[in-house]
Amino acid sequence: MPALFLAPAIAVLLALSIYPLIYSITISLQQETAAGVTWGLGNFTRLLSDNFFLTALAHTFVYAVAALTCEFLLGLGLALLLNKQIRGRGVFRASLLIPMMLPAVVVGVIWRLMLNPNFGAINETLKQFGINTGSLTWTASPKLAMLSVIAVDVWQWTPFVFLVLLAGLQAIPQEPYEAALIDGSSRWQTFWHVTLPLLKPSILIVLLLRTMDLLRVFDQIFILTEGGPGFATETISLYIYRTAFRFFDFGYAAAMSFVLLALTNVISAIYIKFLQAKETI
Amino acid sequence: MRVTVYLVLALLVLLTSFTLTSCTGNHRKQLTLAVVSGVEGEALKQAATDYEKQTGIHIDIAEFPYTNLFEKELIDLKAHTGAYDLIMLDDPWFPRFAHEQVLTDLTPLLKNRGQSGPDSDFVATSLALCRHPYQTGSLYALPYVGNSQLFFYRKDLFEKYLMKAPLTWDDVLAAAKTIQEKETAGANGGQVYGYVERAAQGNAAVADFMPIFWAFGAEMFDANGKPAVNSPQGIAALEFMIQLGKYSPPGYVSFNADDVGAHLLQGTAAMSINWPAWISSFSDQSKSKVIGKMEFTTLPDGQKSGQAEIGNWLIAIPRESRNADAAMDFLLWATSAEQMKRSALRGNPPTRKSLFQDPELVAKFPAYPAQLRSLESSRPRPRTPYWNEIENAFGIFLSKANSGDLTPEEAMNQANAEIEKILQRAQ
């Protein structure tokens with residue numbers, strides 16, 4: 001009888017998850033040529049000589065590392081600030097969450113309008129302060145485009161980091177702090193030896209989730225720059241999308257997806273090992 | 001043993017419920033039509049409603065935004081689902097569809113109706129797009145919307161500074177310089193830029209560049225089909241594009257058609273290449289600050305005479321359509337002079353000569369004579385099934401050269417190498 005009840009779930013899992021996975025492994029091993037389909041690792045070896053892929057990979061890492069660092073430091077700072085009893089704490093906490101509630105596409109459109117070099121709000125505001133905005137073309141400048149898309153991600157996702165870390169802070173009991181106070185530790189020592197170690201589970205969760213999201217970022221960049229100008233903000237997800245749905249090369253796109261999956265797994269494993277190992281000591 | 005029986009039973013129940021839902025309503029006489037959202041698809045949707053009233057044949061419409069239409073159609077056609085009886089295609093996609101052999105050859109269907117070939121009223125350059133190979137091969141579609149690029153310029157500013165209408169790219173550059181230097185108190189109290197280019201990677205940069213590229217005597221492929229964008233003419237054309245970019249608004253490296261339109265409508269730029277769909281907005285009081293000030297003409301000349309890029313919407317019948325005959329009836333009806341005139345009145349340029357010369361239409365759309373000249377002398381984007389990939393690579397390097405990341409020569413050499421790689425993979 002239990003098998004009967006499980007059957008629908010198993011059928012759905014097979015149909016929606018296992019089958020596509022096996023299918024994508026199969027097509028990643030196929031290459032379409034004029035002579036027909038050939039099998040092998042051709043798609044994977046092609047990755048190594050594809051400048052677009054390698055550049056997109058580098059962009060993805062720059063994007064992920066820069067955005068993660070900013071989001072984590074800002075989020076931690078905000079969480080520490082708003083964990084104290086300050087006036088209007090509720091208002092701050094609520095308003096900080098707004099960016100996170102917006103769909104990424106909406107965020108992309110809003111910022112695209114604000115960053116418009118000719119008609120946008122940001123340059124218009126800077127002009128009011130007498131700043132020459134002639135060279136500040138934001139998403140249109142190869143130098144500033146990456147900075148712009150990272151800034152938008154930080155704007156949208158710092159609240160998430162803040163929220164998780166704040167929850168973590170509030171779960172820390174008072175006793176270790178009292179003990180530290182009695183032992184005469186400074187504020188910095190308390191933070192370093194009490195708060196941070198006890199916050200580790202939350203830090204691990206937030207780093208894991210953000211890294212996975214950052215490595216596969218697609219929507220905001222697609223709306224903001226479509227990977228441009230030139231190739232300046234093209235990330236792997238955008239390139240995979242283009243390869244699959246514009247060039248119709250599903251095999252190559254599947255191969256790239258598996259590389260991204262492998263990289264994400266490796267990085268996640270490192271996090272877990274690093275942060276959990278110390279916790280058990 | 002019992003467990004397996006249950007499992008099989010559960011799967012069977014699931015499967016039958018899928019098949020039952022998917023095969024209802026097949027016996028009714030109906031057609032399914034995939035259209036693009038926007039003005040082009042809108043006209044065809046309204047035509048479908050009229051057709052339904054006249055004939056009683058029900059037409060289902062599947063509408064997709066431009067960015068998704070290509071993938072939806074090609075995935076469906078390659079999966080042989082027979083979901084669509086008629087599809088709208090942007091002409092650069094056509095070689096891919098024809099190459100994949102997923103379209104119906106229309107000639108036998110025409111012969112059944114006693115016609116030896118398509119109507120000779122269709123503009124030759126439009127009809128040539130519907131054949132595979134280009135111009136000479138079998139007919140797999142009919143042209144529905146006859147867009148080709150036009151040159152837009154501010155005739156008031158040209159008159160103000162006593163300049164003749166721009167006939168060559170040198171005229172354009174000189175005029176851009178004059179206007180930008182003298183017109184410093186424009187419509188918004190600010191600068192009027194001499195020209196507005198769009199150089200966002202991909203379609204935007206390539207579409208804006210091709211008329212210059214061709215006018216400079218460059219070709220994307222040489223006589224042997226090898227890529228040749230880094231020819232001296234090709235590099236000179238890119239150098240010219242960048243020079244013209246100095247008179248374009250800041251950030252043009254990321255501009256798309258909507259940015260170009262916005263600058264022209266706001267009166268902050270004086271010239272550009274653009275598509276006819278924008279013409280009507282210039283006389284719209286709620287959008288335009290330049291009512292009655294714009295003029296539309298054919299593309300400027302270089303060493304070679306100016307040629308616009310053609311960009312037509314075609315309608316084709318998928319090979320797996322179960323109602324090809326009924327679909328052909330609708331296709332001939334929708335592309336007939338009478339129905340296409342209705343589409344033209346709804347804002348879509350026709351693909352028939354007679355309609356470009358129709359007095360009622362010319363009165364409503366004064367740019368029609370220029371549009372016909374542009375269309376008849378237009379060129380298609382290179383006909384290759386790998387155009388999407390080539391355009392993407394070419395556009396990236398054009399954009400990089402415009403943003404100053406690469407010199408024109410480096411950009412063209414790298415673009416050439418990438419295009420060569422794409423073609424090699426295809427072999």
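Me: How far apart are the centres of domain 1 of chain B and domain 2 of chain B?
Reply: Domain bounds come from an automatic or database domain assignment. Taken over C-alpha atoms, the two centres in chain B are separated by 29 Å. This is a predicted model, in which local features need pLDDT of at least 70, side-chain atom pairs count only at pLDDT 80 or more, and totals for chains, interfaces and linings use all residues. Residues are numbered from 1 along each chain as its sequence is written, with chains lettered from A and ligands numbered from 1 in the order in which they are written.

Me: How many residues does each domain of chain B bring to the contact?
Reply: Two residues are in contact if their C-beta atoms, placed from the backbone, lie within 7 Å. Domain 1 of chain B supplies 14 residues and domain 2 of chain B supplies 15 residues.

Me: Which element gives the most to the domain 1 side?
Reply: Helices (H or I, at least four residues) and strands (E, at least two) are DSSP runs, numbered from the N terminus. On the side of domain 1 of chain B that touches domain 2 of chain B, α16(B) gives the most, with four residues.

Me: Why does A:Asn123 count as buried?
Reply: A residue is buried if 20 or more other C-beta atoms lie within 10 Å of its own, exposed if 12 or fewer, and partly exposed in between; C-beta atoms are placed from the backbone. A:Asn123 counts as buried because it has 22 C-beta neighbours inside 10 Å. A:Asn123 belongs to helix α7 (residues 121-128) of chain A. Leaving aside neighbours within four places in sequence, A:Asn123 contacts A:Pro117, A:Thr133 and A:Leu136.
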